[in-house]
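Morning, everyone. Please take a look at the structure on the screen, and then I will walk you through it.

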Amino acid sequence: MERRERPVLWLSRRLPIALLAAILLGSCGRVEQPLNSFDSRGPIAERINELFWPVFWGAAVIFVLVQGALLVAVFLFRERKGKERPEPKQTPGNTRLELIWTVVPTIILAAIAVPTISTLFELAECPGDAMEVEVIGHQWWFEFRYPDSGVVTANVMVIPEDTEVCAKMTSDDVLHNFWIPKLAGKRYLVPGQETEQRLYADDPGDYWGHCAEFCGLSHARMRARVVAMTSTDFDAWTANQLLPAVTPAPGSEAERGMEVFLGGTCIGCHIIDGANNPDPETLTVPAPDLTHFASRGVFAGATLPAQLDPTQADWEAGLRLWLADPPTWKPGSFMPELGLTADEIDALVAYLSSLE
Amino acid sequence: MAIDVAADTVEQAETTLFRRPRLTYGFWSWITTADHKKIGLMYGYTAFFFFLAGGIEALLLRIQLAGPDGAFLTAAEYNGLFTTHAVTMIFLFVMPISAAFFNYLLPLMIGARDVAFPRMNAVSFWIFLFGGLFIYSSLIFGTSPPPVGGNLPGGAADASVLGSIPNSGWFIYAPNSGATYSPGTAVDYAALGLQILGVASLISAVNFIVTILNMRAKGMRLLRMPVFVWMTLVVALLLLFSLPIIAIALFMLTFDRQFGTLFFVAEAGGDPILWQHLFWLFGHPEVYILILPAMGIVSETLPVFSKKPLFGYPAVVFAGAAIAFLGFGVWAHHMFASGIPTVAQAAFGLSTMTIAIPTGIKIFNWLGTVWGGRVRLTTPMLFSLGFVALFVIGGLSGVTHAVVPSDWQQTDTYYIVAHFHYVLFGGALFGLFAGIFYWFPKVWGRMYNEALGKWHFWLMFIGMNLTFGPMHWLGLQGMVRRTWVYPEEAGLGAGNFVVTVGAFIIALGVLVFMINWSYSKRRGRVAPNDPWDARTLEWTIPSPTPEYNFAVEPTVTSLDDFWHLKYDEDEEGRAVRKEKADELVDNLIHTNGNPDHEIHLPAPSYFPFIVGLGIMFIAYGIMYHTRPYGIPMLAAGAFVTIGALFAWGSEPLEEVGDDHHGEEDDLEPDGSEASDHAEQQH
Amino acid sequence: MADIAHGHEEGGGHHQLTGIDSRKLGMWVFLSSEFLFFGALINNYLLFKGRDFGPGTLYPVELYDIPFTSISSFVLLMSSLTMVLAHSALARGDQDQTKTWLFATALLGTIFVSGQFFEFGEFILHGLKLNINPAASAFYMLTGFHGLHVVLGILMLLVLAFKSMRTGGLSEAEGLNVELVGLYWHFVDIIWIVIFVLVYLIQ
């Protein structure tokens, strides 16, 4: 990923492709945009868009009027060769006009202010009966804790559909910002403080998120997912998450992977409930709990596997890439390059993939 | 009660070891100058040099982002470049190039021979220059290891050269900017460098305020000042009241990093959000510091090229002042997502909306100025009209930020990047280019090339819209700010590619400008003295400006005094050029170009340069105070600075034996040192 | 600020539309900025002083020696008086007295700063280090920056006093410098009164 190319070469290779892409995009329309805030999938994001669009169209009208006036003025009153215009009237101002263009914008702004303030108070704070999920920001991944059930997970926040969810957020290190564009706006995660974010998904689905506040080297690699499911699925998910990790079959590749895990530096930071159960206090760096690693479908700050609908092969390729060299994918990463052999990586892939 | 000036000077000379430099040309004359015009040019050239650096940084960023998963830059390099791009464009380009305009034009527009404190003017330039060099010296000396415990690709201990420039965003948010998360010196270069630049700005602010209050031509009441002068005053006041706040914030950050204080260390009870409050309490007025000079410039150019007075002059002036005043009450709109109380969000949302009112007044008054005029579409006029058009877009997207819940979606995305580039690139930069072309003949006595000027405008205008227009959509479609890569799956590739193409078109425009500038200032057509049929005092003197500005100090009887010298109005209110206008103008300019006596000008001095140098070494000393060479460096810097200030104080008023000295005690006192005569004659 | 104090040939635009000498006006303008500088520092301290930083830490307020600080505040207050005396002596043309009062002002300032050094020393001995908690950080930063301002004022006073001693008196132009340093000195003094009340007295 960090491989360098000469810029000229790089551009010459990309230019035709991107140009083509731009044309294709123009002709055949929509591209999947999992972070698109216009494509709201819940009432909170919806309310924000309902507020945004009228303001946008209002602004568009003002835009057309003002730019139109400017163009007309330039067109009407410009000097052209051969066509001398008379000397203009020296108008120093016009109180009535000036009053109008002070008062009218004030009225327009007041008209915007009313829904702004009401929507703001409607959306800013969680209702009392919301389901709570604790969100803890780390460089560069989100941790999710469910106080009701005791589930601890990372990168993927699972919520039931049609349910008011309140994310109670804080940070373990620097500022982060939790943004699930299709479900809600942004809210910071501040070390030493607690902030709230309302989330609500109308339907089951996979909603992308991104850390939006600059949080150091790998800010770009700090994403998240919110997975909404039916309440039955959610209960099943919760029950599964509370179980200890599956023990691999004796003699399997996965068991070899477990040995690599237990014998290496992994256990310095990671927990797999059932394989190693260290005192969390003794861990060097906070790192994702891997007990149900494979159930999440994404890892490395929800950036791998990169595909929208990854296949098993994508998953394994991503995992190999990550295990071989974490800092290259995620510069600054607290997981160092471990110097694993290809053999060890294969074993770990098998083991981690089994941790449903 | 008058003391004999000559005797006083001799007495001074006896008490000092120092002779004042006397050179008026060549390298040392620039180092030692106290002439506001030379200082203005130095500000301009330095700022433009930094503009090129910032522009190259922007292009590198855009190459990286041209397609998804770019591999042109590393994460560290990207972070360094986007931070330094912002720091450069804000503090090393727009602010100093505005200072260049203030310096060169302010005395000319108010009919003075120099600013109130010419050597302080020089010192603020040198401090700025050394501050800028200090920040950029991080390219060589800066270090940027990963956060404590983290790992860089390939196990590297430190980021590459480009990764070691300031890299925590221009807003330097705590705690990411703290010692744990940003070890190394990259952030120190930003914190200390901005501190140095702040000192420079503060000195100029004091200088400009005093100059405007005290040194206007006879009869130039406050409401007869050109709008540009008004905006200079407002900007200086904004600087005066916002710089101390950022100074404190930067001291806190520096102390946290260097001396173990805990202001922003969350684990120890520090408050990271406090940084944001302090930063934006400065940072929002700063936005107006950047834009108001450009607003002042187009308020000069639009009337001239429409042949009409500014529509609603008092309203435009008061709107500018109102923007500045309100600008101190809106800072938390940068923090709507930071978890501040809901009531505070509501209050700051409302206060932000109110800013749109005076801004609207300005825009409508500019429209009113153009309407019904005789519009000459010269390059400066095109840039001024471009300014209005683009600023409207930036202003409208600004209103959408005040809609707080919308801002929760917009903040920290490219939508914001689009907004402030429309305001600062489409706004400030277009206004500044309008000014550059408008006053080009004044500075060089030659005309710029109109054809190249128009190419420059259209390339910039098209490039600018291609670059920053799509960003609105990209942002709301999920393009997060300050990310060195975006995944292909986010579906943002095509838009980003257009943006990159636009950036290169802008670069082409800048190239055309550079050709125009360097060609025209030597070979351009010789400019008439009043090429634009202008309205303000700077056009009543020969071009290029003589060293003494005005041979005869002007007296002003109305707003746009120069215009009324040339034009009457008929019964309908139409302008009628006076019969003798040309003759009057020629006479005026001839008189102003041929003083009948020698005019006293502020003497050059070595010490402003030395003070600037000393301050830079103090900053290095603080940063490296734990190294063996740090404290000596600090001591040497402090010694040089204090010594230079002391020497400055003991400098003779002028060189003993100056041939012309003594014979002009009876003449119009002028410039700065002569002011002592005035004082003594009270 | 030193450049204003020493910049005796500069400033003083010949019109002086405001009727105030440019250098004096410049000093006023500069001090208005300084006002916000200290405003931010005081605000900082007030923000942190009430916060709880856990058990086992130490707050500046626990160590205040009000009688001691009152005396040193009184000393600084008196230095404003001697500053006024220096200025009025100069206005009378009494060069000897001017010199004396300038030295006296510098001396009182030095006593104040020494008191602050002593106070810092005591506090640090009791364990109130710069890095013990943000309240302590803010306390030292506020009082430290104020002390630094006093030290700069003392330096400027001494420059004037020694100059007067060497040349047998201050010229009229330098007289303005006395006024400028006086303005600065009174400002620093007033700021201290504010600090003393807000930081030391109101707990």
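Of the 682 residues in chain B, 71% are buried. Buried here means under 20% relative accessible area, exposed means over 50%, and partly exposed is in between, with a 1.4 Å probe and protein chains only.

Some ground rules. This is a predicted model, where local features need pLDDT of at least 70, side-chain atom pairs count only at pLDDT 80 or more, and totals for chains, interfaces and linings use all residues. Residues are numbered from 1 along each chain as its sequence is written, chains are lettered from A and ligands numbered from 1 in the order in which they are written, and side-chain values use heavy atoms, with hydrogens and water left out.

Back to chain B. It has 21 helices and two strands. Helices (H or I, at least four residues) and strands (E, at least two) are DSSP runs, numbered from the N terminus. The C-alpha trace spans about 75 × 65 × 50 Å along its principal axes. The radius of gyration of chain B is 26 Å, which agrees with the value near 26 Å for a compact globule of 682 residues. That radius is taken over C-alpha atoms, and the globule rule is 2.2 Å times the number of residues to the power 0.38.

Now contacts, meaning heavy atoms within 4.5 Å. In chain B, take those with a separation of 6 or more: 82% come from residues 24 or more positions apart.

One helix pair inside chain B. The axes of α7 (residues 186-214) and α19 (residues 607-623) come within 10 Å and cross at roughly 150°. Axes are lines fitted to C-alpha atoms, for helices over the stretch in contact, and angles run from 0 to 180 degrees between N-to-C directions. So α7(B) is roughly antiparallel to α19(B). The cut-offs: under 35 degrees is roughly parallel, over 145 roughly antiparallel, 65 to 115 roughly perpendicular, and the rest oblique. From α7(B), Asp188(B), Tyr189(B), Leu192(B) and Ile196(B) meet residues of α19(B), including Ile615(B) and Tyr620(B). By class, that contact has nine nonpolar, no polar and one charged residues. Nonpolar covers Ala, Val, Leu, Ile, Met, Phe, Trp, Tyr, Cys and Pro; charged covers Asp, Glu, Lys and Arg; the others, Gly among them, are polar.

Next, a lysine. Is Lys442(B) buried or exposed? Buried, because its relative accessibility is 0%. Lys442(B) lies in helix α14 (residues 414-444) of chain B. Leaving out residues up to four places away in sequence, Lys442(B) touches Glu538(B) and Trp539(B), among others.

**Between the chains**

Chains A and C have no contact, and their closest C-alpha atoms lie 12 Å apart.

Across A and B, look at α2 (residues 43-77) of chain A and α12 (residues 379-402) of chain B. They pack at about 170°, with axes 10 Å apart. The two helices are therefore roughly antiparallel. Residues in the contact include Phe52(A) and Phe63(A) from α2(A), and Leu385(B) and Thr400(B) from α12(B). The count by class is 14 nonpolar, two polar and no charged residues.

**Two loops in chain A**

Asn155(A) sits in the loop between β3 (152-154) and β4 (156-160). At 3% relative accessibility, Asn155(A) is buried. Gly128(A) is in the loop between α3 (95-124) and β1 (131-138). At 85% relative accessibility, Gly128(A) is exposed.
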